[in-house]
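Look over the sequence and the model first, then read the points below.

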Amino acid sequence: MNERGTHDDGGFEESPLEEELRRAAAILDPVPAELSRLAVEAFALHDLDARLAELTFDSLIDGIPVRGESDPPRMLTFHAGEVSLDVEVSAQGLIGQVLPPQPARIEVLSGPGTARPLAADDLGRFTADVAPAGPFALRLRAGGEVVVTEWLRA
Amino acid sequence: MDRTDVGALVQSAADGDAGAWKALVEGLGPLVWSVVRAHGLSDADAHEVYQTAWFRFAQHLGRLREPEKAGSWLASTARHECLKVFRASRRWTPTDDPQVLDRVSEDRTPEESVLDSEEAAAQSERVRRLWQEFEALGERCRQLLRVLIASPQPSYQEVSAALGIAVGSIGPTRQRCLRRLRARLESRGAV
């Protein structure tokens, strides 16, 4: 099917029309300057000292739709080794639990250089009255270790 | 940025080189942006997905199994976040809303301002007409071409990761979509 235009996988030859379209995209639909700046600043989020807690459950993807609930809370589970984090995000805010239960200091991050502490009890249960808007991650300090969840979008 | 440099740049960035990171943002940012634009998100959603993809990439820098495929990693991450936007129905925004797509004149980029000068008026008109015809293509063609025309041009692997389509289907679809676009332009005497 492929004409001479395509080579294996590194790239492909261009038609003049496509090249013109590429220039048009660069002019009319470029990456907004603000977003480029934020992406450059995101280098600060490269944190070698923290353990990464991977998202292992997201009700948006893995959940079964609940009949009759038009705006169900979003359930998230993150894992970093033995530690896991259950989080529930709704319009009312955010609640969660560190497992196994343990005292922890927890912060909500909403971008490079932004950290807002959350109230947490001795069992690692935490709450926030305000739901995160946009990209967020949680940073957890427990037992001399720092764990950060994968960034996602609320 | 040459795509062959990506692996080395990722390595340098993981070792703390901010310049390498900046080069990655410059070289792969347009690809990530093309993915969110191809999915037709509202501006607000597009901005958040774009940031999320880069924030997560920063976290995974030193952990990528195949650093040379960072473009595919970012494209795939952006795509999955786009799909989550659609899943969260409360955030659903129609993809074919002409008001959303017809956003060309709102924020003037410096390049656009140049286009506005009188000498460039004719060229500007041509670019706008081309873009208009491109946006009037069917969804599948618009999606594929939007990613293909990111700068610098993405590899087929990256396009595949960006749209969840087989590498083998890209070439034929691309040819067909370009033919369609050319036909539209010709029928309006724009070529």
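This is a predicted model: local features need pLDDT of at least 70, side-chain atom pairs count only at pLDDT 80 or more; totals for chains, interfaces and linings use all residues.

## The nonpolar core

The largest nonpolar core holds 83 residues, and B:V32, B:V35 and B:L74 have the most contacts inside it. Helix α2 of chain B, residues 18–38, provides the largest share of this core, with 11 residues.

**Residues in and around helix α2 of chain B**

- Leaving out residues up to four places away in sequence, B:V35 touches B:A75, B:A78, B:R79, B:C82, B:V147 and B:A162.
- B:W21 is a residue of helix α2 of chain B.
- B:W21 has 26 C-beta neighbours inside 10 Å, and it therefore counts as buried; the cut-off for a buried residue is 20 or more.
- Again leaving out residues up to four places away in sequence, B:W21 touches A:F43 and B:A13.

**Chain A**

- Chain A contains 3 helices and 10 strands.
- Along the sequence, the elements of chain A come in the pattern α-α-β-α-β-β-β-β-β-β-β-β-β.
- Chain A has 154 residues, of which 28% count as buried.
- Among the contacts in chain A with a separation of 6 or more, 49% are between residues 24 or more positions apart.
- A:L99 and A:P100 are joined by a cis peptide bond, with omega at about -5 degrees.
- A:P100 sits in the loop that runs between β4 (93–99) and β5 (105–111) of chain A.

**Chain B**

- Chain B has 10 helices and 0 strands.
- From the N terminus on, the pattern of chain B reads α-α-α-α-α-α-α-α-α-α.
- Of the 191 residues in chain B, 42% count as buried.
- Where two residues of chain B are in contact and at least 6 apart in sequence, 68% of such contacts join residues at least 24 apart.
- Chain B also has a cis peptide bond, between B:S151 and B:P152, and its omega is about -10 degrees.
- B:P152 is placed in the loop between α8 (139–148) and α9 (156–163) of chain B.

**The contact between the chains**

- Chain A brings 44 residues to the contact, and chain B brings 51 residues.
- On the side of chain A that touches chain B, at least two residues come from each of α1 (16–28), α2 (33–41), α3 (59–62) and β10 (152–153) of chain A.
- α1(A) gives the most to this side, with 10 residues.
- Sorted by class, the side of chain A that touches chain B consists of 26 nonpolar, 8 polar and 10 charged residues.

**α1 of chain A against α7 of chain B**

- α1(A) packs with helix α7 of chain B (residues 121–135) at an angle of about 100 degrees, and their axes are 10 Å apart.
- Angles of 65 to 115 degrees count as roughly perpendicular, and α1(A) and α7(B) are therefore roughly perpendicular to each other.
- In this contact, A:E20, A:L21, A:A24, A:I27 and A:L28 of α1(A) meet B:V127, B:L130, B:W131 and B:F134 of α7(B).
- The contact of α1(A) with α7(B) has 8 nonpolar residues, no polar residues and 1 charged residue.

**α2 of chain A against α3 of chain B**

- α2(A) and helix α3 of chain B (residues 43–60) cross at roughly 20 degrees, and their axes come within 9 Å.
- Angles under 35 degrees count as roughly parallel, and α2(A) and α3(B) are therefore roughly parallel to each other.
- The crossing in which α2(A) passes α3(B) is right-handed.
- From α2(A), the residues A:L35, A:L38 and A:A39 meet B:H47, B:Y50, B:Q51 and B:W54 of α3(B).
- By class, the contact of α2(A) with α3(B) is made of 5 nonpolar, 2 polar and no charged residues.

Key. Residues are numbered from 1 along each chain as its sequence is written. Chains are lettered from A and ligands numbered from 1 in the order in which they are written. Two residues are in contact if their C-beta atoms, placed from the backbone, lie within 7 Å. Helices (H or I, at least four residues) and strands (E, at least two) are DSSP runs, numbered from the N terminus. Ala, Val, Leu, Ile, Met, Phe, Trp, Tyr, Cys and Pro count as nonpolar, Asp, Glu, Lys and Arg as charged, and the others, Gly among them, as polar. Axes are lines fitted to C-alpha atoms, for helices over the stretch in contact, and angles run from 0 to 180 degrees between N-to-C directions. Angles under 35 degrees count as roughly parallel, over 145 as roughly antiparallel, 65 to 115 as roughly perpendicular and the rest as oblique. A crossing is left-handed if the near helix is turned anticlockwise from the far one by less than a right angle, and right-handed if clockwise. A nonpolar core is a set of buried Ala, Val, Leu, Ile, Met, Phe, Trp, Tyr and Cys residues joined through C-beta atoms within 7 Å. A residue is buried if 20 or more other C-beta atoms lie within 10 Å of its own, exposed if 12 or fewer, and partly exposed in between; C-beta atoms are placed from the backbone.
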